[in-house]
Amino acid sequence: MTAVCYGVLWLLRFAMGACLFSFFNAVACRLPLGESALRGRSHCPSCGRTLTAGELIPCVSYLIQGGRCRGCGGKISVRYVLTELAGGVCFVGCGVFYGYGKWEILSLRGLVGFLYLGILTMIALTDWDTRTIDDRFHIMIAVLGVAALWLFPEHGMADRLLGSAIVAGPMLLLALLIEGAFGGGDIKLMAVSGFLLGWRSVLAAMFAALLTGGCYCVWMLAAKKLNRKDAFAFGPFLALGLGGAFFWGDRAVAWYLSLLW
């Protein structure tokens, strides 16, 4: 019986994360269109039909409907269910990593981590669609960085200020010297994230972004879907690196430095 109760509890935690990331996905879809993120009912992107409550159950509705709208039969992008799955995993992961507080909800440190991952997800989705990153996301991360001053005291102010400049500074210099090297949104993302994470983690994030982005670029060139003069959205790869660095960035850099000394 105890095992069943714990299983239900973990399922509820997963569902909570999936629901929140479903909302984050809606925000990422609406902002580029100039639509309100809070007003208006969810609707089919193909026919515009307002969705019922039964069609909005994270993960489940997509599977039951076979990835298609009940009204027009139009195909629903797999990104919806993947984002919801990621939200559930992120919520559970933040709880495992930072613990749960009162009423088995995320601790404050875990909540900061989950919100940061949610913001990074919205950044990745909007940048992939529009090649731009809304400044509101940078402001949100900056607010989390201020909260982290108290919740993550292991990173001092000097650590955070260095983190703001150590990656964003060279990116800005390259952008000034080479047209199109980096977008302003990417630079601001690394600056505010450096303040939140500290210099070690933001370095690890940049390394991961360059590695994954480079692999994607090579694959696209080999498939002849890009040529050498084409640009692509780098924000999703930065977001992926930053998300991983939030949890393991400091440890990864400490391990690497231990190999040198």
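Reader: What are the packing angle and axis distance for H1 and H4?
Author: This is a predicted model. In it, H1 and H4 pack at an angle of about 35°, and their axes are 9 Å apart.

Reader: Is that crossing left-handed or right-handed?
Author: H1 passes H4 in a right-handed crossing.

Reader: Which residues make the contact?
Author: From H1, the contact uses Gly17, Leu20, Phe21, Phe24, Asn25, Val27 and Ala28. H4 contributes Phe114, Leu117, Gly118, Thr121, Met122, Leu125 and Thr126.

Reader: And how do the residues of the contact of H1 with H4 divide by class?
Author: Nine are nonpolar and five are polar, with no charged residues.

Reader: Next, H3 and H4. What angle do they pack at?
Author: H3, residues 79–98, packs against H4, residues 108–130, at about 155°. The axes of H3 and H4 are 9 Å apart.

Reader: Parallel or antiparallel, then?
Author: H3 is roughly antiparallel to H4, because angles over 145 degrees are counted that way. H3 passes H4 in a right-handed crossing.

Reader: Which residues in H3 meet H4?
Author: On the H3 side they are Arg79, Thr83, Gly87, Cys90, Phe91, Cys94 and Tyr98. They meet Arg109, Gly110, Gly113, Phe114, Leu117, Thr121, Leu125 and Asp129 in H4. By class, the contact of H3 with H4 has seven nonpolar, five polar and three charged residues.

Reader: What about H4 and H5?
Author: H5 covers residues 135–151, and H4 packs with H5 at about 160°, with axes 10 Å apart. That makes H4 roughly antiparallel to H5.

Reader: Which hand is the crossing of H4 and H5, left or right?
Author: The crossing of H4 and H5 is left-handed. On H4 the contact is made by Leu108, Arg109, Val112, Leu115, Tyr116, Ile119, Met122, Ile123 and Thr126. On H5 the residues are Phe137, Met140, Ile141, Leu144 and Leu151.

Reader: How many residues of each class are in the contact of H4 with H5?
Author: The contact of H4 with H5 has 12 nonpolar residues, one polar and one charged.

Reader: Switching to cysteines. How many disulfides does the count come to?
Author: The count comes to zero disulfides, with a cut-off of 2.5 Å between cysteine sulfur atoms.

Reader: How far is Cys19 from the nearest cysteine sulfur?
Author: The nearest cysteine sulfur to Cys19 is that of Cys59, 8.8 Å away. Cys19 is partly exposed, at 41% relative accessibility.

Reader: Where is Arg131, and what is its phi?
Author: Arg131 is in the loop between H4 and H5. Arg131 also has a positive phi, about 65°, although it is not a glycine. At 48% relative accessibility, Arg131 counts as partly exposed.

Reader: Which residues does Cys44 touch, leaving out those up to four places away in sequence?
Author: Cys44 touches Arg49, Leu51, Cys69 and Cys72. Cys44 lies in the loop between H1 and H2. Cys44 counts as buried, at 4% relative accessibility.

Reader: Last ones. Is Ile64 buried or exposed?
Author: Ile64 is exposed, with a relative accessible area of 62%. Ile64 is in helix H2. Ile64 and Asp135 are 37 Å apart, C-alpha to C-alpha, and 71 residues apart in sequence.

Reader: And where does Lys75 lie?
Author: Lys75 lies in the loop between H2, residues 60–64, and H3. Lys75 counts as exposed, at 65% relative accessibility. Lys75 and Phe91 are 16 residues apart in sequence and 28 Å apart in space, C-alpha to C-alpha.

How values were computed
Residues numbered from 1 in each chain as written. Predicted model: local features only at pLDDT ≥ 70, side-chain atom pairs only at ≥ 80, totals over all residues. Heavy atoms only, no water. Axes fitted to C-alpha atoms, helices over the stretch in contact; angles between N-to-C directions. Helix = DSSP H or I, 4+ residues; strand = E, 2+ residues; numbered from the N terminus. Parallel < 35°, antiparallel > 145°, perpendicular 65-115°, else oblique. Left-handed = near helix turned anticlockwise from the far one by under 90°. Contact = heavy atoms within 4.5 Å. Nonpolar A, V, L, I, M, F, W, Y, C, P; charged D, E, K, R; others polar. Buried < 20%, exposed > 50% of the residue type's maximum accessible area, 1.4 Å probe, protein only.
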